[in-house]
Amino acid sequence: MNIDQYRREILLFSLVGLAIVAIVAFFGQAYTLRMLAEAACYAILALGLTLQWGYAGLFNAGGMGFVAIGGFITMVVAFPVNDAFWGSEGAKALGFFLIEVAVIVLAVVGLTQIHRIGIRGKLKAVCVMVGLAAAFLFFNNELAPVAKLIETESGFIGGLGLPVLLGWILGGLAAAFVAYWIGKACLGLRADYLAIATLGIAEIIKAILKNADWLTRGTLTVSPLPWPVPTPNDIGFVAARSAYLALTAIMVAVIFVLLQRAYRAPWGRMMRAIRDNEVSAAAMGKDINLRRLQIFVLGSGLIGFGGAALISFARIFDPSGFTPLKHTFLVWVMVLVGGAGNNLGAIFGAVAVYIIWLMGEPVALLLFESVRELGSLWFDWEAPADLMTRALQARVFFVGLTITLALRFVPRGLIPERLNKIS
Amino acid sequence: MNELIFFVNKVLISGTIIGCIYALGAIGVTLVFGILRFANFSHADMMTVGAYIAFIFASLMPGAGALIGLPTGFVVLPLAIICLAAFAIVVDRLFYRPLRERKVRPVMLLVASLGVTLMLHGLVRLFAGTSPRSFFQDEKKDVFRFDVPFELASRDIVISEPQVLLIITSIVCIFALHWFLTHTKLGKAMRAMSDNADLALVSGINTEKIVRATWIIAGSLAAVAGTLLSLDVVLKPDLSFNLLLPIFAAAIVGGIGRPYGAIAGGLLVGFSETLAIFNWSILLRPSAEFLPEWIDIPARMAFVPTEYKIIVPFVILIAVLIWRPTGIFKGQVL
Amino acid sequence: MLIKASNIVAGYGGEPVLNGIDLSIDSGQIGVIVGPNGAGKSTALKSVFGLIQLTQGTVSLAGDDVTHVPPDQRVSLGISYVPQEMNIFPSLTVRENLEMGAFIRNDDFSSVIDNMYDLFPPLKQKATAVAGQLSGGQRQMVAIARALMIGPRLLLLDEPTVGLSPAFVYEIIERIKAIAARGVGVLIVEQNARRALEIADIGFVLAAGKNLYTDSGENLLNDPEVAKSFLGG
Ligand SMILES: Nc1ncnc2c1ncn2[C@@H]1O[C@H](COP(=O)(O)OP(=O)(O)OP(=O)(O)O)[C@@H](O)[C@H]1O
Ligand SMILES: [Mg+2]
């Protein structure tokens with residue numbers, strides 16, 4: 001490996017270290033620990049994305065959706081049991097509704113098999129379509145009263161009170177499950193279609209979580225989410241956040257080692273060959289799509305898992321808090337700046353970009369405050385009242401600018417993928 | 001009878017309106033996709049920017065509309081079109097052309113368009129704030145009511161002036177585009193390049209010129225769609241992702257690189273949306289007297305609750321991707 | 001010499017595909033490139049047109065060095081190229097395809113289009129048909145006619161008869177002869193080697209990126225070595 005690249009990596013990581021020291025000095029330990037714990041969660045997201053984009057060239061524009069799934073499942077699994085719900089009429093109604101759904105699903109599955117009794121072709125397609133539409137209409141109209149009943153009786157269904165880590169793992173699995181179906185539909189087609197589909201599914205997941213009050217309390221939010229380690233209420237901020245950071249850092253390390261090994265293994269080499277079009281589709285046959293699907297599912301699972309950790313840390317499940325900016329595009333910046341296809345780059349990108357993102361807030365406020373002062377001093381300019389919220393919104397601009405600049409000037413990232421052939 | 005009028009107002013008119021918006025957006029997306037080979041994620045934000053540019057012009061020259069008897073926002077539309085077309089070219093110069101010159105894979109341009117969309121997002125919010133604005137602060141929005149000459153119909157068919165303008169303008173734009181694409185050298189070359197870019201190059205077609213023309217058309221249509229949409233409803237900065245998905249769905253349904261397909265796709269997605277969220281029990285209600293007692297028609301019977309509207313274009317998109325990825329009009333082989 | 005490519009070394013980034021080949025023809029001549037699959041025939045044609053970067057060698061057109069002229073400018077210099085595959089605009093009409101061939105012309109080229117209709121009569125009836133829906137032979141005619149629209153000095157054709165029925169092969173070959181008779185230099189890559197060499201003024205036999213034989217078409221046809229290895233006995 002080449003010495004220059006080593007030097008560069010050491011330099012970049014020392015810069016991050018220095019920044020952290022400076023932040024401890026200015027903002028204190030508790031704040032820094034919070035920042036690092038969140039950065040560690042983001043590192044998991046970035047590893048998942050770099051796996052998809054960097055290893056296989058798959059465009060996932062729906063990080064937010066997978067984060068939301070991870071967070072939601074964790075909330076359901078780990079949040080304390082809502083006794084008011086389990087004893088209520090709503091629980092019975094829901095049980096009944098679920099049985100109805102099962103019957104309908106069976107009926108629809110049966111309908112897709114009617115070619116066995118001689119109904120084929122167009123007629124079958126029409127039958128299936130009508131059946132699906134009827135099932136959907138029925139589903140909608142049956143769910144509404146049940147949901148209403150639960151909401152008035154007991155607020156929402158509550159959680160299951162199971163261990164948090166189980167929630168994270170199930171969150172990852174649920175994200176992987178959703179990714180499987182999207183991948184099946186879109187992976188044979190060009191990258192753009194996957195991007196569009198993932199963008200759409202993310203918005204849909206958010207819409208559902210935001211409006212299904214009986215599941216998520218919607219805009220009322222659910223808190224406090226439990227932690228897998230003792231919470232600040234038990235042992236204070238510094239100790240609790242240290243423990244959380246330690247846990248997530250270990251996970252990052254484990255994922256990193258596993259991905260590194262996969263990258264070097266024949267499997268990883270194959271993926272890169274596919275990404276760089278070295279193997280023609282004809283030579284590999286249908287296998288290419290299968291491998292892409294594997295990687296897409298795995299990466300989305302990681303994003304779901306990391307998302308679960310991120311949402312747990314915040315201790316509040318707020319569906320409106322999922323934004324494409326914070327949960328999709330920020331991760332993209334991390335991967336692009338860090339260096340797509342390089343796991344170390346993803347981790348570096350996650351920590352560095354997250355620090356800049358957080359520090360951007362006070363910096364933006366300071367900047368706009370002085371703009372306001374100078375403006376009124378020199379030009380009698382009366383700033384709009386919402387200047388400060390605008391200042392924060394303006395960070396979006398810089399996220400976008402960073403993406404375009406990175407593409408143009410450091411297309412391979414600050415810690416590029418090592419392209420020396422591993423024979 | 002009133003129920004039917006309700007249907008006309010809620011489905012036929014609304015569906016046409018939103019369908020026109022999607023169609024105008026989808027034409028831009030499909031042209032860019034066909035010629036530059038990437039899904040332009042910044043298109044919906046370009047529409048927003050276009051609307052804000054029109055808003056600025058409208059507030060600079062209040063009363064301009066009153067002179068002609070049309071809404072000011074509509075009168076300044078040509079200015080907004082020019083500005084946004086120029087803006088689209090500048091964006092191309094700054095962010096896409098450098099990548100093209102490096103001959104990167106087209107999907108890199110998609111990443112760049114994500115960057116651009118976020119930047120536009122930020123700029124709009126920075127300069128205009130997040131609160132919604134109306135073009136009709138100082139003007140009256142004309143509404144046309146058509147009395148239906150039937151005894152039982154007490155309601156009117158209602159359509160507003162911006163909606164009429166939107167439909168007329170869309171039709172004009174579409175015919176103008178059709179003429180351009182089939183009767184001018186540049187337009188034919190655009191179709192040629194979208195058909196077979198390598199052969200276009202080999203034939204000596206100046207591809208940068210075609211790219212410029214594409215941005216001008218996409219930008220102009222985005223300005224039209226954005227402005228007319230905000231004339232009809234309100235001007236707000238967070239249209240983008242909610243608009244992007246139906247527009248992409250429309251473009252893909254129509255077949256990539258097929259402007260006429262995009263129009264059909266836009267109307268299809270628009271009508272599907274309004275039909276899906278329409279409360280069908282309203283149409284069933286009159287039949288209640290003839291039905292036996294024990295059947296009661298639920299108060300709300302829609303395929304999709306309004307807050308889940310975005311599911312509709314998504315389902316259409318996925319269905320097309322699974323069954324006919326080239327779209328109904330046989331777009332490019334992908 | 002109308003076109004002279006000397007000692008061309010070129011490829012697609014990896015190992016070079018062409019290892020120093022020479023090609024040259026004069027105005028009004030037909031040059032035919034033959035050779036086994038993967039020999040680099042198409043690559044040779046692309047390097048004459050400038051579609052791939054040369055690592056070595058030069059290309060000159062009527063004595064002027066054009067090695068570093070990009071392909072779109074070579075069109076203005078009078079070189080036309082018909083690729084092996086995807087050589088028409090499928091959703092444009094036949095007439096529009098021809099118009100696109102004349103994109104760089106700013107004069108009135110309707111007489112040129114009429115010329116093309118004379119050269120390829122089937123195209124006249126199909127003028128307003130969408131090119132993608134034509135038969136294989138008619139598409140090939142569209143492709144060649146498109147390339148002729150600029151009135152080229154040099155026409156590069158990559159396997160113009162591949163996949164055509166014998167009648168169409170004959171038809172196309174006859175047309176190529178007619179085109180050369182008007183003074184255009186034609187360089188063809190051909191699978192129907194025997195048929196093509198019969199009309200060739202010069203034949204180039206390529207194998208593994210090198211010139212194996214270069215001679216008049218007639219001599220090559222009569223050469224037992226060539227006949228055995230490349231013309232199927
Ligand atoms: N675009 C490309 N990228 C990489 N390698 C290529 C490309 N096109 C051709 N090659 C390789 O270059 C070599 C020569 O290809 P070329 O197409 O010139 O052969 P050919 O003689 O025209 O064969 P054919 O009779 O099949 O058309 C082949 O080994 C091929 O795999
Ligand atoms: Mg070939």
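**Exercise 1.** How much area do chain B and chain C bury between them?

*Solution.* Before we start: this is a predicted model, where local features need pLDDT of at least 70, side-chain atom pairs count only at pLDDT 80 or more, and totals for chains, interfaces and linings use all residues. Residues are numbered from 1 along each chain as its sequence is written, chains are lettered from A in the order in which they are written, and side-chain values use heavy atoms, leaving out hydrogens and water.

Step 1: chain B and chain C bury about 1800 Å² (accessible area, 1.4 Å probe, lost on putting two parts together, summed over both).
Step 2: carbon and sulfur atoms hold 63% of that.
Step 3: on chain B's side, B:Lys185, B:Leu199 and B:Val202 supply 32% of the area buried against chain C, more than any other three residues.

**Exercise 2.** Count the residues in this contact, then find a salt bridge across it.

*Solution.* Step 1: chain B gives 17 residues and chain C gives 22 (contact means heavy atoms within 4.5 Å).
Step 2: the rule finds 2 salt bridges across the interface (a side-chain nitrogen of Lys or Arg within 4 Å of a carboxyl oxygen of Asp or Glu).
Step 3: B:Arg191 and C:Glu96 pair up in a salt bridge at 2.8 Å, N to O.

**Exercise 3.** Work out how confident the predictor is about chain A.

*Solution.* Step 1: the mean pLDDT of chain A is 88 (pLDDT is the predictor's confidence in each residue, from 0 to 100).
Step 2: 96% of chain A's residues reach 70 or more.
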